[in-house]
Amino acid sequence: MRGAGVYDELTARILRGELPPGARVNIDALAHEFDVSQTPVREALARLESDGLVVKELHKGYRTTPKLSRAELANLYELRLLLEPHAARRAAQRSTPETVHELQAEIRRFLTAPPGADYESYKDFRQHDARLHDLVLRMAGNPIITAAVDRTHFHLHAFRLRYDARAGRETVDEHRAIVDAIAEGDGGGAEAAMRRHLHEARARLLAAR
Ligand SMILES: [Zn+2]
């Protein structure tokens, strides 16, 4: 297995809960299992550390991080609610036919939310959500705001919480309302739709905790 493969496999194990929160990561055993030297395993762990999925402990190696607590989740949504409704307004004001086309293409790919609660469905859904929010942030044209949201690695952490298909369908409808307002150049409407979506998403995730 090559380096990127080790990273992808470890990410999947953490997100699926096969490496549970707080678990010690055994570098030797993983190198042996993947039939690689320790170097690619250590490189993958360094990347996972910057993603916030593992923490390095002095002289002890790595552990997987705990799942988000209710308070951490609430803090993350507080930040998103400060930044993303504003970004949606700016995106509507700055939209071009090309960027609107990109947003609509993302919506069309997800008109039907993934049906199951299995890892692959959930992964597709989370990646769609991450791409849509990232597109809106980039359309807003302030890279510092985009970086502030990116740095929270929100989508990776939310992944470890629960998914159900109903939440997926509601999310798709809320996303469509945001994209429609942006496509019409309706800044106030886009801001309100994004705020509504983040409030609903926060409520769904808190209910699942
Ligand atoms: Zn969303």
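Angles under 35 degrees count as roughly parallel, over 145 as roughly antiparallel, 65 to 115 as roughly perpendicular, and the rest as oblique. The structure described here is a predicted model, in which local features need pLDDT of at least 70, side-chain atom pairs count only at pLDDT 80 or more, and totals for chains, interfaces and linings use all residues. Residues are numbered from 1 along each chain as its sequence is written.

The domain assignment gives domain 1 (3–64) and domain 2 (70–208). Such bounds come from an automatic or database domain assignment. The C-alpha centres of the two domains lie 29 Å apart. In contact across the boundary are 5 residues of domain 1 and 6 residues of domain 2. Contact here requires C-beta atoms, placed from the backbone, to lie within 7 Å. On the domain 1 side, 2 of the touching residues are nonpolar, 1 is polar and 2 are charged. Ala, Val, Leu, Ile, Met, Phe, Trp, Tyr, Cys and Pro count as nonpolar; Asp, Glu, Lys and Arg count as charged; the others, Gly among them, count as polar.

An open sheet is built from 3 strands in the order β1-β3-β2, with antiparallel pairing. β1 (24–25) and β2 (54–57) are the edge strands; each has a single partner, so one side of each is left without a neighbour in the sheet. Strands are DSSP runs of E with at least two residues, helices are runs of H or I with at least four, and both are numbered from the N terminus. Two strands pair if DSSP finds at least two bridges between them. β1 is joined to β3 (residues 61–64) by 2 bridges, and Val-25 stands opposite Tyr-62. β2 pairs with β3 over 4 bridges. Tyr-62 is also the bridge partner of Lys-56.

Helix α3 (residues 38–51) lies across β1, β2 and β3, at about 110° to β2. Axes are lines fitted to C-alpha atoms, for helices over the stretch in contact, and angles run from 0 to 180 degrees between N-to-C directions.

Helices α5 (residues 97–109) and α6 (residues 119–140) pack at about 165°, with axes 10 Å apart. α5 and α6 are therefore roughly antiparallel to each other. Thr-99, Glu-102, Leu-103, Glu-106 and Arg-109 in α5 meet His-128, Arg-131, Leu-132, Leu-135 and Met-139 in α6. By class, this contact has 4 nonpolar, 2 polar and 4 charged residues.

Key. Two residues are in contact if their C-beta atoms, placed from the backbone, lie within 7 Å.
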